[in-house]
Amino acid sequence: SRKGTNVPIPQAEFEELLLAAMEKDLGIAAILLLSRYLGLRAEEAVQCCKSLETWRKNLDKGDLKLRVVFGTKGSRPRDVTIHNREKIVSAVELATKIAKERNGKLIAKDNLKSAMHYFHNTCKSLGLAGEYTPHSLRYSFTSDAIRAYLAAGYTKAEALAMASCDLGHGDGRGRYVQAVYGQKIKDMQQ
């Protein structure tokens, strides 16, 4: 079955998780914020420090999308639509500040493998395991994206295709996005 095994994390629970992460490691908190509001996969989020300056410039220019380059599946860059500019600007500013303090990294480890290991272990210690996992943040982003597209007047098929593009799947994967990410969206139009 291609049905998703994760569920979107409710905003109230995400905020509690974020507070705990801020006490434990600000780099992890920044990664969680960027994952939640840009729909980043874990590796994309850990490596995104390489794109922070570009994202800041794009946000300052008023761009409607940000390009995710590092850590993407198949090394295929993708453009993510900005649905919550205020939250994304805040997350990018926090991440930029932390990266400057940590020699350009959000997780101060020698290599990607140890950074990913640290990220996943820290998430588990924060309680991001079981019903809600780091991938639940991507589910929350997708739910928000689909709702934003529907609210903007797009059809259900268009909203799913556009959310699929935001996730890096391409516009032909709308049914996949509905099956995996959209099954928990109760107010999705028929």
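This is a predicted model: local features need pLDDT of at least 70, side-chain atom pairs count only at pLDDT 80 or more; totals for chains, interfaces and linings use all residues.

User: OK, pick one. What does Arg102 pair with, and how far apart are the closest N and O atoms?

Analyst: Arg102 forms a salt bridge with Asp25, and the closest N and O atoms are 3.0 Å apart. Arg102 sits in the loop between helix H5 (85–101) and helix H6 (112–125), while Asp25 is in the loop between helix H1 (11–24) and H2, so the pair ties together parts that are 77 residues apart in sequence.

User: Why can two side chains like that pair up at all?

Analyst: In general, side chains of opposite charge can pair when their charged atoms come close.

User: And is Asp25 buried or exposed?

Analyst: Asp25 counts as buried, because its relative accessibility is 8% and the cut-off for buried is under 20%. Arg102 has a relative accessible area of 24%, so Arg102 is partly exposed.

User: Got it. Which residues are linked in a network of salt bridges?

Analyst: Arg41, Glu44 and Arg78 are linked that way.

User: What about the strands? Where do Arg67 and Asp79 lie?

Analyst: Arg67 is in strand S1 (residues 65–68) and Asp79 is in strand S2 (residues 78–81). They form a salt bridge whose closest N and O atoms are 2.8 Å apart, so this pair ties together parts that are 12 residues apart in sequence. Both count as partly exposed, with relative accessibility of 43% for Arg67 and 29% for Asp79.

User: Do S1 and S2 run parallel or antiparallel?

Analyst: Antiparallel, with 4 bridges joining S1 to S2. Leu66, for example, stands opposite Val80 in S2.

User: Which side chains of S1 point to which face?

Analyst: They alternate along the strand.

User: Switching to helices. How many residues of H2 are buried?

Analyst: 12 of its 13 residues are buried, so H2 is largely enclosed by the rest of the structure. Among the buried ones are Gly27, Ile28, Leu33 and Tyr37. H2 reaches 18 Å from its first C-alpha to its last, close to the 18 Å expected at 1.5 Å a residue.

User: How do H2 and H7 cross?

Analyst: The axes of H2 (residues 26–38) and H7 (residues 134–151) come within 6 Å and cross at roughly 35°. On the H2 side the contact is made by Leu32, Ser35, Arg36, Tyr37 and Leu38, and on the H7 side by Leu137, Arg138, Ser140, Phe141 and Asp144. By class, that contact has 5 nonpolar, 2 polar and 3 charged residues.

User: Let's zoom out. What pattern does the whole chain follow?

Analyst: Along the sequence it goes α-α-α-α-β-β-α-α-α-α-α, which comes to 9 helices and 2 strands. Of the chain's 190 residues, 48% count as buried.

User: And how many of the contacts join residues at least 24 apart?

Analyst: 64% do, among contacts between residues at least 6 apart in sequence.

Technical notes:
Residues are numbered from 1 along each chain as its sequence is written. Side-chain values use heavy atoms; hydrogens and water are left out. Axes are lines fitted to C-alpha atoms, for helices over the stretch in contact, and angles run from 0 to 180 degrees between N-to-C directions. Contact means heavy atoms within 4.5 Å. Ala, Val, Leu, Ile, Met, Phe, Trp, Tyr, Cys and Pro count as nonpolar, Asp, Glu, Lys and Arg as charged, and the others, Gly among them, as polar. A salt bridge is a side-chain nitrogen of Lys or Arg within 4 Å of a carboxyl oxygen of Asp or Glu. Buried means under 20% relative accessible area, exposed over 50%, partly exposed in between (1.4 Å probe, protein chains only). Two strands pair if DSSP finds at least two bridges between them. The expected span of a helix is 1.5 Å times one less than its number of residues.
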